[in-house]
Amino acid sequence: QDALNGLRNSLRFFKYCDNIFYSKLKEKTQSLEDYIVNNEGKTFETEDQGEVVNKIHSQTADIFQLLKTKYKNG
């Protein structure tokens, strides 16, 4: 949660110069944060735990892809 909040705060500049990018980033980071919070403290079977890890990995990859595209294209 702290890392995602820190990322959003670091990129707050884009809220004013590229609000579309910032909105997408905020949506994706909030979705990941919500997913993590909703699954915090739960006990999972091995298969379910793998699904949770894969979902977190997938959502994190989406965030990095959004950042990569922004910095690549300007």
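I took helices (H or I, at least four residues) and strands (E, at least two) as DSSP runs, numbered from the N terminus. With that rule I looked up D48, which sits in helix α4 (residues 46–73).

Ground rules. I number residues from 1 along each chain as its sequence is written, and side-chain values use heavy atoms, with hydrogens and water left out. The model is predicted, and I kept to its limits: local features need pLDDT of at least 70, side-chain atom pairs count only at pLDDT 80 or more, and totals for chains, interfaces and linings use all residues.

Overall layout. I found four helices and zero strands in the protein chain. Read along the sequence, the pattern is α-α-α-α. The C-alpha trace spans about 45 × 20 × 15 Å along its principal axes.

Burial. I call a residue buried under 20% relative accessible area, exposed over 50%, and partly exposed in between (1.4 Å probe, protein chains only). The areas come from the Shrake-Rupley method with a 1.4 Å probe, and for residues only the protein chains shown count as cover. Of the 74 residues of the protein chain, 24% count as buried.

Salt bridges. I counted a salt bridge where a side-chain nitrogen of Lys or Arg lies within 4 Å of a carboxyl oxygen of Asp or Glu. How many salt bridges does a search of the whole structure find? It finds two.
- R8 and E33 meet through their side chains at 2.6 Å, N to O. This pair links distant parts of the chain, with R8 in helix α1 (residues 2–10) and E33 in helix α3 (residues 19–39), 25 residues apart. I noted both R8 and E33 as buried.
- K70 bridges to D18, with the closest N and O atoms 2.5 Å apart. K70 lies in helix α4 and D18 in the loop between α2 and α3, so the pair ties together parts 52 residues apart in sequence. K70 is buried, with a relative accessible area of 13%, whereas D18, at 21% relative accessibility, counts as partly exposed.

Aromatic rings. I paired rings of Phe, Tyr and Trp (its six-membered ring) if their centres lie within 6.5 Å; planes under 30 degrees apart count as stacked, over 60 as edge-to-face and the rest as tilted. The count comes to three aromatic pairs. In one of them, the rings of F14 and F21 have centres 5.0 Å apart and planes at 75°, so I logged the pair as edge-to-face. F14 and F21 are both buried. The rings of F14 and Y71 have centres 6.4 Å apart and planes at 80°, so that pair is edge-to-face. F14 lies in helix α2 (residues 14–17) and Y71 in helix α4, so the pair ties together parts that are 57 residues apart in sequence.

Is Y71 buried or exposed? Y71 is exposed, with a relative accessible area of 54%, while F14 counts as buried at 11% relative accessibility. I recorded F13, F14, F21 and Y71 as one aromatic cluster. I also checked Y71 against K26, 45 residues apart along the chain: their C-alpha atoms are separated by 16 Å.

Back to D48. I looked up its relative accessible area, 34%, so D48 is partly exposed. Which residues form the negative surface patch? They are E45, E47, D48 and E51. For patches I used residues with over 30% relative accessible area and no salt bridge; like charges are joined within 9 Å, nonpolar side chains (Val, Leu, Ile, Met, Phe, Trp, Tyr) within 5 Å. Lys and Arg count as positive and Asp and Glu as negative, with His and the chain ends not counted. I took the place of a charge as NZ of Lys, CZ of Arg, CG of Asp or CD of Glu.
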